[in-house]
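This report describes selected features of one protein model.

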Amino acid sequence: MNIMTYLLYFHKKCSFINYCFFLILLWSFFSFNIYSAESPTKDSSVKIALVHFAVKHKQPEKNLEELLKLNRRAAEEGASIILNTEMAVSGYSFDSREDISDYTETDHGKTITAMGKLALEKGVYIGIALAERDPSTEIFYNSAFIIGPKGKAVSKYRKIITAEKKWANTGSPYQDNFADTPWGRIGSAICADSYSGLLIRTMALKEVDLLWVPANWPETGGLNPVPIWRARALENGFYIAACNRTGKDLRMDCTKTISGVFNPDGKVILKGASETSRIFYADIPLNEQGRFAGIKRNNKMAQRNINQYRNVYLRPWLENLTAYYNLPETGILHVYGYVPETGHPDIDELVSNIEKHKDSTPSLWILPQTDESIVDKNKLSEISIKYKTGIAVAIKSADEILQQLLITPEGIQNFYRGKESKSIEIEFPYNILHFGPAAIAMVPAKAIEHPELAVSLSKLGTDLIVVSEIDITEGQFLLSRVKALAGSAVAVCSNTGAQITGVQDMHMGWDKADLDHAGVAEFKLDTSKTRKKSFYNDVDFELLLSN
């Protein structure tokens with residue numbers, strides 16, 4: 001009998017109530033059987049797993065066997081999305097194409113096939129990263145694949161910021177490195193790609209909801225990746241799931257590396273480390289539609305002011321940036337962030353602090369934003385002349401016009417080209433002013449939250465980006481700090497705290513001074529370092545600058 005014959009039979013033989021009950025059971029049966037990971041759930045959360053794996057160098061068979069066990073266990077323990085580490089099958093350190101050749105695989109190779117079978121069997125999504133060989137060109141890539149519950153790869157991403165320069169080619173910035181799932185769009189970026197705010201920003205513009213970052217990131221030199229991952233989640237308004245590795249590679253000790261999951265507010269959902277292989281789990285909340293909850297990506301993108309970023313695609317002559325932009329000769333600038341005792345800048349207190357540091361010349365004092373009824377700019381000018389120091393401050397006038405000022409012994413200049421910072425209509429409204437050995441810009445805290453502006457300012461030769469505000473949130477301090485990765489130092493000062501961060505070298509510790517109470521944050525800025533810039537230009541600039 002076919003299904004319609006069964007229905008007619010039961011309709012004749014059963015009571016109406018029993019017939020209705022039979023239909024309900026039949027509907028339940030088919031609903032249960034058509035459900036898969038491709039159908040949205042009404043659960044309040046979806047479980048993801050990070051396989052924090054102790055990769056054994058040049059032992060692909062052993063690694064794959066163990067990875068399959070761990071991924072199977074994660075699926076059986078309820079994970080619907082299982083994410084693995086960077087180069088999880090081969091290990092990481094290789095010296096040449098010849099060295100890694102035997103450990104590369106195609107996108108239809110043993111690992112993708114085996115993981116595909118597991119994904120199909122368990123109805124899950126699996127993210128797996130490996131050394132990929134393109135059979136048509138024999139070019140090698142550091143790649144990440146997302147495999148769907150039908151057992152096929154639904155996304156492939158080739159790493160762009162390749163520290164593996166001895167063997168790996170750079171991936172294209174125009175990759176569609178994302179996969180659509182029932183809960184939202186999942187994108188991929190690998191390890192050092194996190195350094196570039198622009199690369200991660202393009203993922204937000206591709207409407208990613210959760211970014212998977214497979215990594216081999218030990219704290220070499222002291223640079224903890226957690227602040228970077230937190231900041232990238234916060235500035236783009238999406239989730240980040242960063243799956244690091246553990247164990248010892250050929251050259252790297254990764255036993256203390258951190259894996260983590262961070263929400264769209266940059267808050268930690270999960271942070272863990274283990275000296276042996278371990279699966280970390282996190283529950284990502286879902287909204288009423290069964291989609292990732294709390295996504296703030298659209299709001300963040302709506303706050304962008306693209307007119308301020310038109311310079312972001314420039315490729316300045318970096319061999320001699322000083323001559324290229326006619327910048328001051330390099331040297332040391334002593335930078336001070338003044339956090340007042342009284343809740344607002346005080347002239348006498350400022351003078352007392354300058355007296356204590358008057359041997360440090362040239363010097364720049366950064367003040368929190370204030371009103372002209374509290375601090376008179378002409379009085380500050382007198383102080384600047386007397387002590388031969390610079391002062392950077394935002395001052396609001398009685399008619400609510402905010403002036404962003406650099407006060408030096410030579411006079412008063414405005415960092416902002418327009419009449420007030422609230423109506424930014426002109427293209428790139430910021431003046432880059434010179435004082436001592438530095439080229440300096442001042443911008444509002446809301447503007448520096450976006451990575452495009454920091455890169456634009458850096459490409460125009462800025463040594464120091466200054467923020468002068470009444471109050472700065474913890475998130476704004478975090479976002480300001482990571483902007484130093486773009487090649488300019490960043491100094492933020494408010495009535496509640498100050499933070500000055502120098503430019504960062506890859507894998508080196510944070511070079512910064514900070515203060516969360518009244519006093520003075522001190523930092524010695526060497527502009528010979530801020531002139532030695534490098535930029536990650538393998539970016540989809542058309543996407544970044546499209547309205």
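## Basis and an enclosed helix

A residue is called buried when its relative accessible area is under 20%, exposed when over 50%, and partly exposed in between, using a 1.4 Å probe and protein chains only. Helices (H or I, at least four residues) and strands (E, at least two) are DSSP runs, numbered from the N terminus. The model is predicted: local features need pLDDT of at least 70 and side-chain atom pairs count only at pLDDT 80 or more, while totals for chains, interfaces and linings use all residues. Residues are numbered from 1 along each chain as its sequence is written, and side-chain values use heavy atoms, with hydrogens and water left out.

Which residues of α7 are buried? They are V226, P227, I228, W229, R230, A231, R232, A233, L234, E235 and N236. With eleven of its eleven residues buried, α7 is therefore largely enclosed by the rest of the structure. The residue following α7 is G237, which has a positive phi near 70°.

Two packed helices are described by the angle between their axes and the distance between the axes. Here axes are lines fitted to C-alpha atoms, for helices over the stretch in contact, and angles run from 0 to 180 degrees between N-to-C directions. Angles under 35 degrees count as roughly parallel, over 145 as roughly antiparallel, 65 to 115 as roughly perpendicular and the rest as oblique.

The axes of α7 and helix α14 (residues 474-482) cross at roughly 110° and come within 9 Å. The two helices are therefore roughly perpendicular. Contact (heavy atoms within 4.5 Å) is made by P227, I228, R230, A231, R232, L234 and E235 on the α7 side, and by E474, G475, L478, L479, R481 and V482 on the α14 side. The crossing is left-handed, a label used if the near helix is turned anticlockwise from the far one by less than a right angle, with right-handed used if clockwise.

## Packing of α3 on α5

Helix α3 (residues 60-76) packs on helix α5 (residues 110-122) at an angle of about 15°, and their axes are 11 Å apart. At that angle α3 is roughly parallel to α5, and the crossing is right-handed. The residues of α3 that take part include L64, L67, L68 and A75, and among those they meet in α5 are A114, M115 and L118.

## Nonpolar cores

A nonpolar core is a set of buried Ala, Val, Leu, Ile, Met, Phe, Trp, Tyr and Cys residues joined through side-chain atoms within 4.5 Å. The largest has 89 residues, and L211, I240 and F292 touch the most other members. Helix α7 (residues 226-236) supplies the largest share of this core, six residues. Beyond four places in sequence, L211 is in contact with G187, S188, A189, I200, M203, F238, Y239, I240 and A241. Another core, of 27 residues, lies apart from it and includes L333, V335, I440 and M442.

## L457 in α13

L457 belongs to helix α13 (residues 451-459) and is buried, with a relative accessible area of 0%. Leaving aside neighbours within four places in sequence, L457 is in contact with F428, I432, A441, V443, T462 and I465. Y430 is 27 residues from L457 in sequence and 8.9 Å from it in space, C-alpha to C-alpha.

## Cysteines

How many disulfides does a search of the whole structure find? The search finds zero, a disulfide being a pair of cysteine sulfur atoms within 2.5 Å. For C191, the nearest cysteine sulfur is that of C254, 9.2 Å away. C191 counts as buried at 4% relative accessibility, and C254 counts as buried at 0%.
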